[in-house]
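User: I am new to this structure. Please show me how to read its features.

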Amino acid sequence: MKTLDRRAAEIFRSMLALQTTKIDNSDGTYMPVHIELIGRIDKYDFFSLAHYGQQNGDAMRDPEMLFVLHKDTRQFIPYYYRNDYCGIEENSVRWS
């Protein structure tokens, strides 16, 4: 299983350090990024990172990725990808 490389992990940590769930610094040029802690289990923190659009009044993930942070190793592991516009949903890890 691959983890985020050093630079990507630094960027992810910087986003978490902002302590906000919505990052929008593009003046409408790009969609805002939403980041949130979605759960904690034992040695793992689970995070969602997503762009959202709208179609027929419904929120659409464009895309959403889920990551887990292993608290001991401090490594981020991407494990889920979903893009509602393309109808793609992929799991790379099944938690038990």
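Analyst: Start with helices. Helices (H or I, at least four residues) and strands (E, at least two) are DSSP runs, numbered from the N terminus. The expected span of a helix is 1.5 Å times one less than its number of residues. Helix 1 has 12 residues and spans 16 Å from first C-alpha to last, close to the 16 Å expected. This is a predicted model, where local features need pLDDT of at least 70, side-chain atom pairs count only at pLDDT 80 or more, and totals for chains, interfaces and linings use all residues. Residues are numbered from 1 along each chain as its sequence is written, and side-chain values use heavy atoms, leaving out hydrogens and water.

User: Which residues of helix 1 are buried?

Analyst: Buried means under 20% relative accessible area, exposed over 50%, partly exposed in between (1.4 Å probe, protein chains only). In helix 1, Ala9, Phe12 and Met15 are buried. Seen down the helix 1 axis, the buried residues fall within an arc of 120 degrees (taken from the directions from the axis to the C-beta atoms), so they line one face. An α-helix has 3.6 residues a turn, so residues three or four places apart point the same way. Arg6 and Ala17 are exposed on the face of helix 1 turned away from its buried side.

User: Which residues make up the largest nonpolar core?

Analyst: A nonpolar core is a set of buried Ala, Val, Leu, Ile, Met, Phe, Trp, Tyr and Cys residues joined through side-chain atoms within 4.5 Å. Here the largest has eight: Ala9, Phe12, Met15, Ile35, Phe47, Phe67, Leu69 and Phe76. Helix 1 gives the largest share, three residues. Contact means heavy atoms within 4.5 Å. Beyond its neighbours within four places in sequence, Phe47 contacts residues including Phe12, Phe67, Leu69 and Phe76.

User: Is Asp45 buried or exposed?

Analyst: Asp45 sits in strand 3 (residues 44–55). Asp45 counts as buried because its relative accessibility is 9%. Now look for polar contacts: pairs of N or O atoms within 3.5 Å; within protein, one must be able to donate a hydrogen and the other to accept it, and residues adjacent in sequence count only if both atoms are side-chain atoms. The Asp45 side chain makes one of 3.1 Å with the side chain of Arg40. Another, of 3.4 Å, joins the side chains of Asp45 and Lys71.

User: What does Met1 touch?

Analyst: Met1 lies in the segment before helix 1. Met1 is exposed because its relative accessible area is 73%. Not counting residues up to four places away in sequence, Met1 touches Ile77 and Val93.
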